[in-house]
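Subject: Structure handed over, with findings

Dear colleague,

Please find the sequence and the structure below. A description of what was found in the structure follows.

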Amino acid sequence: MSTFLIRILLPLLIIAITIPQWSEAESEQWCIADEQTPDDELQAALDWACGKGGADCSKMQQENQPCFLPNTMRDHASFAFNSYYQTYKHKGGSCYFKGAAMITELDPSHGSCHYEYNP
């Protein structure tokens, strides 16, 4: 193979390898509580997510757990909504919660509280 072809193919190979990583990172999504949703609606959606919905809410239900703080309705609902969404998004689950939730591409994890992400 000529030097000319190698000089062309090598950069193309590097680009081909890195493009899927860029597009994958851009598609990361988490489900969080909508800031405009009243607390009573968030509470109803949170109760469903942690109950019949099957979300894993254990990391935010007790003071000694990593996602208990900040202890606000919005933060707890966001964690529960995301747990449900990441578990069931490939099985038909959504991030709707009767309009109480929304998708974000910014990782909502904070401090020791890690929000799950399943590609």
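The count of aromatic pairs comes to 7; rings of Phe, Tyr and Trp (its six-membered ring) pair if their centres lie within 6.5 Å, with planes under 30 degrees apart called stacked, over 60 edge-to-face and the rest tilted. One of these is the tilted pair of Trp-30 and Tyr-117, with 5.5 Å centre to centre and 45° between the planes. This pair links distant parts of the chain, since Trp-30 is in strand S1 and Tyr-117 in the segment after S2, 87 residues apart. Trp-30 is buried, at 4% relative accessible area, whereas Tyr-117 is partly exposed, at 23%. Here buried means under 20% relative accessible area, exposed over 50% and partly exposed in between (1.4 Å probe, protein chains only).

Tyr-84 and Phe-97 form an edge-to-face pair, 5.5 Å centre to centre with 75° between the planes. Ring pairs also link Trp-48, Phe-81, Tyr-84, Tyr-88 and Phe-97 into a cluster.

As to the origin of these values, this is a predicted model in which local features need pLDDT of at least 70 and side-chain atom pairs count only at pLDDT 80 or more, while totals for chains, interfaces and linings use all residues. Residues are numbered from 1 along each chain as its sequence is written, and side-chain values use heavy atoms, with hydrogens and water left out.

Phe-97 is found in the loop between H3 and S2, and its phi is near 50°, a positive value in a residue other than glycine. Lys-98 lies in the loop between H3 and S2 and has a positive phi of about 55°. Phe-97 counts as buried, at 12% relative accessibility, but Lys-98 is exposed, at 77%.

Helix H3 covers residues 73–88; helices (H or I, at least four residues) and strands (E, at least two) are DSSP runs, numbered from the N terminus. The buried residues of H3 pack against strand S1 (30–33), helix H2 (39–50) and strand S2 (101–104), contact meaning heavy atoms within 4.5 Å.

Finally, a cis peptide bond joins Leu-69 and Pro-70, with omega about -5°. Pro-70 lies in the loop between H2 and H3.

Yours sincerely

Key: Expected span 1.5 Å × (residues − 1).
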